[in-house]
Amino acid sequence: MTSQLDPWAALLIGLLGAGHCIAMCGGVAAAFSMAIPAQQRRWQWLYLLSYNAGRIASYSLAGALVGGLFASLADVSLGRQGLTILRVLAGIMMILLGLYLARWWFGLLRLEHLGNGLWRRVKPLAGRFVPFRHPFAALPFGMVWGWLPCGLVYSALTWSAVSGSMVQGALIMALFGLGTLPTLLALGGLAERLRHWLNHPNFRTLSGILLIFYGLFTLFQSLQQLY
């Protein structure tokens, strides 16, 4: 059931979801910048890399948990047809994400609210690591913020759910995290021009269209397997 395209689908979601990342993580970037001691600003890139390593580690952990859980369910009860149905849902999620990124439909925001309960418990942990005493202190800070409720992350997790294993689920989310890296580095102040380009309406529209077409392709593949 696992397609070789699945990890690249997650990478694509991360790369093309730049506009959403900018909207969601602008506040995080501001808090992150304030947490770096003034005398350490010249090492900002080290703090950024450490923060993003922590964030991607949390994504990978979530992918491993989801991938392992659904792989176990498939062995016990879902079977081949059940995983195909999950793949249909993954395609639908990508279409909905594309509609959101193009700003044609905002229903995906409702999905983000589902994680608010967990986030209220996790978020206070981030305060324990600020201000940063050294670059590596940004690592656990990033791990906490990796659990921020995000429709983009949830869309990528649907691919982990149909990955077929814990390892493959973690790989998919790691690639998704790498896809978001250029945007998060730009938010950190390393590339102002890149940030402007990634948030441009034309880029958002093109990103949405590409994700919609990939979602339709996934649906077509999955429905062929069902019938």
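Author: A nonpolar core is a set of buried Ala, Val, Leu, Ile, Met, Phe, Trp, Tyr and Cys residues joined through side-chain atoms within 4.5 Å. Buried means under 20% relative accessible area, exposed over 50%, and partly exposed in between, for a 1.4 Å probe and protein chains only. This is a predicted model, in which local features need pLDDT of at least 70, side-chain atom pairs count only at pLDDT 80 or more, and totals for chains, interfaces and linings use all residues. Residues are numbered from 1 along each chain as its sequence is written, and side-chain values use heavy atoms, with hydrogens and water left out.

Reader: What makes up the largest nonpolar core?

Author: The largest nonpolar core has 48 residues, and those with the most contacts inside it are Ile13, Phe32, Tyr51, Phe132, Trp145, Trp159 and Phe176. Two or more residues come from each of the helices H1 (6-16), H2 (18-35), H3, H5 (116-122), H6, H7, H8 (166-190) and H10 (201-226). H3 gives the largest share of this core, 11 residues. In soluble globular proteins, nonpolar side chains tend to be buried together.

Reader: Which residues does Phe32 touch?

Author: Leaving aside residues up to four places away in sequence, Phe32 touches Tyr47, Leu48, Tyr51, Phe132, Ala138 and Phe141. These count as contacts because contact means heavy atoms within 4.5 Å.

Reader: How many helices and how many strands does the protein chain have?

Author: The protein chain has 10 helices and 0 strands. Helices (H or I, at least four residues) and strands (E, at least two) are DSSP runs, numbered from the N terminus. Of the 227 residues of the chain, 51% count as buried.

Reader: How do you know where the buried residues of H6 lie around the helix?

Author: In H6 (residues 138-145), the buried residues are Ala138, Phe141, Gly142, Val144 and Trp145. Seen down the axis of H6, they fall within an arc of 155 degrees, so they line one face of the helix. The arc is that of the directions from the helix axis to the C-beta atoms.

Reader: What lines the largest pocket, by class?

Author: A pocket is an open set of points on a 1 Å grid over the protein atoms alone, with protein on both sides within 12 Å along at least five of seven lines, and lining residues have an atom within 4 Å of a point. The lining of the largest pocket has 13 nonpolar, 3 polar and no charged residues. Nonpolar here covers Ala, Val, Leu, Ile, Met, Phe, Trp, Tyr, Cys and Pro; charged covers Asp, Glu, Lys and Arg; the others, Gly among them, are polar. About 300 Å³ of space lies in this pocket. Of its 16 lining residues, Leu118, Trp147, Val153, Tyr154 and Leu157 are the closest to its centre. H3 (44-101) and H7 (151-161) each supply at least two residues of the lining.

Reader: What makes up the lining of the largest cavity?

Author: A cavity is a set of grid points where a 1.4 Å probe fits but cannot get out. The largest cavity is lined by 16 residues, of which Cys25, Arg55, Tyr59, Leu148 and Cys150 lie nearest its centre. About 120 Å³ of space lies in this cavity, a volume being the space filled by probe spheres set on the points, which are joined across faces, edges and corners. H2 gives the largest share of the lining, 5 residues.
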